[in-house]
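Have the sequence and the 3D view at hand as you read.

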Amino acid sequence: MMKLGIIGWRGMVGSVLLDRLKTCGDLERFNTTLFSSTQKGLGPLGELKDSFDLKSLSSMDIIISCQGSDYTQNIHPRLRQIGWSGYWIDASSFLRDKSNVLITLDPVNQKDIESALENNQKDFVGGNCTVSLMLMALGGLFSKNLVEWVNCVTYQAASGAGAAQLKELFSQISYLKEMDLAQDILKLEKTVNDKLSRSDFPSKSLQHPLIGNLLPWIDSEMENGMSKEEWKGEFETNKILGKKIPIESLCVRVGAFRCHSQALTVKLKEDISLKQFEELVDSHNQWVKVIPNNKADSLKYLTPVAVSGSLSIPVGRIRKLSLGPGFFSLFTVGDQLLWGAAEPLRRMAQIILNHTEQKQDLRRDYELSRSP
Ligand code: NAP
């Protein structure tokens, strides 16, 4: 059995990953060990190992790290230096821009994954959450090479920033719970707003109120006025597709708990009908689904609450724009902890396992054919 090590299982992505591994029966196919940087003793799968212990780590065939970029930057090169030749699958962005590392999203780039494995490539990363969700939503247009450019505005959930941030959003909600709703509306609004700027208002992790607010900057600042999150939109999409498509983004954190939403304007290289557009989107993979562009269906199926915890990728509000031929707008929602993070990693581990077993079978058949 292949030995699988998971680091960061307590965090937002790691806990969803562990849940998916259990639900899909994957834990039965691997001998799995959980590592932690802060926890000791018994974990959900037995004795926890120290995530800085290179000896234990290097006994794994596959490592999935959901611990973050600092951890990867520290541990990954040291493991390679001591000669570890196992597979590293990462949720963090640290390795994504390295030329010998593949960003994995198998419904979109299965062939690239297979050839990377054939070429003995060992490092794989999941993509940025909004990138993976956009590619799952628009894969049908990209695969037909129809997209000239994309402009994207994101509405990203608190859990996209991590477990501590989501917990803090809940504390912010709980801080506001004592309200005298009988008050005059303007008084009530002022009382609540004043609470948001009190010194004891919980904002250690998020740095700002997120309840009753939004934060128009995600990740670090780049020199060109972009946030790093916005830069990733174009860089990672093109790396996954092997293309050079202009993709502009404006990324915003909102008070949704789980699920990122994106409003997209897409310019196609050729004009197609609304029906053709919808058919191309809808037929790309089994998870994407076109939602009819009406109020009732949009409010029922195209919200973070509706999608939370599911692999479904609804795409709605699809309209042909009056800006000219080939202009479309749409709105899409996806669970950024599933297709945006844990699911491509889980599936990558499965693909590696299948690939390894196939190779073993071939070797066995070959040896049998040569035995007298
Ligand atoms: P996270 O929730 O902050 O978890 C990372 C680690 O922080 C945990 O493994 C845990 O490590 C520690 N931790 C500190 N406080 C914690 C708390 N209150 N509850 C649970 N764990 C806590 O980070 P994440 O959102 O899972 O992200 C992990 C990596 O995936 C990051 O590089 C991120 O950029 C990337 N990513 C995240 C998302 C997303 O939607 N969140 C999507 C795509 C990619 P110990 O057990 O060792 O203490």
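Trp 231 and Phe 235 are four residues apart in helix 8 (residues 228-241), so about one helical turn separates them. In this predicted model, Trp 231 is partly exposed, at 28% relative accessible area, and Phe 235 also counts as partly exposed, with a relative accessibility of 28%.

A second pair brings together distant parts of the chain: Trp 287 lies in the loop between helix 9 (274-282) and strand 13 (288-290), while Trp 339 belongs to helix 12 (residues 338-370), 52 residues apart. Both Trp 287 and Trp 339 are buried.

The model holds nine aromatic pairs, and the geometry of these two is set out here.

| Pair | Centre to centre | Angle between planes | Arrangement |
|---|---|---|---|
| Trp 231 and Phe 235 | 4.8 Å | 10 degrees | stacked |
| Trp 287 and Trp 339 | 4.8 Å | 70 degrees | edge-to-face |

Lys 98 lies over the face of Phe 94, 4.6 Å from the ring centre. Likewise, Lys 267 places its charged end over the ring of Phe 327, at 5.6 Å from the centre.

Lastly, take a look at Gln 172 in helix 6 (residues 163-175). Is Gln 172 buried or exposed? Its relative accessible area is 0%, so Gln 172 is buried. Leaving aside residues up to four places away in sequence, Gln 172 touches Phe 201, Pro 202, Ser 203, Leu 206, His 208, Pro 209, Leu 210 and Ile 211.

Technical notes:
Residues numbered from 1 in each chain as written. Predicted model: local features only at pLDDT ≥ 70, side-chain atom pairs only at ≥ 80, totals over all residues. Heavy atoms only, no water. Helix = DSSP H or I, 4+ residues; strand = E, 2+ residues; numbered from the N terminus. Buried < 20%, exposed > 50% of the residue type's maximum accessible area, 1.4 Å probe, protein only. Contact = heavy atoms within 4.5 Å. Phe/Tyr/Trp six-rings, centres within 6.5 Å; stacked < 30°, edge-to-face > 60°. Lys NZ or Arg CZ within 6 Å of the ring centre and 35° of its normal.
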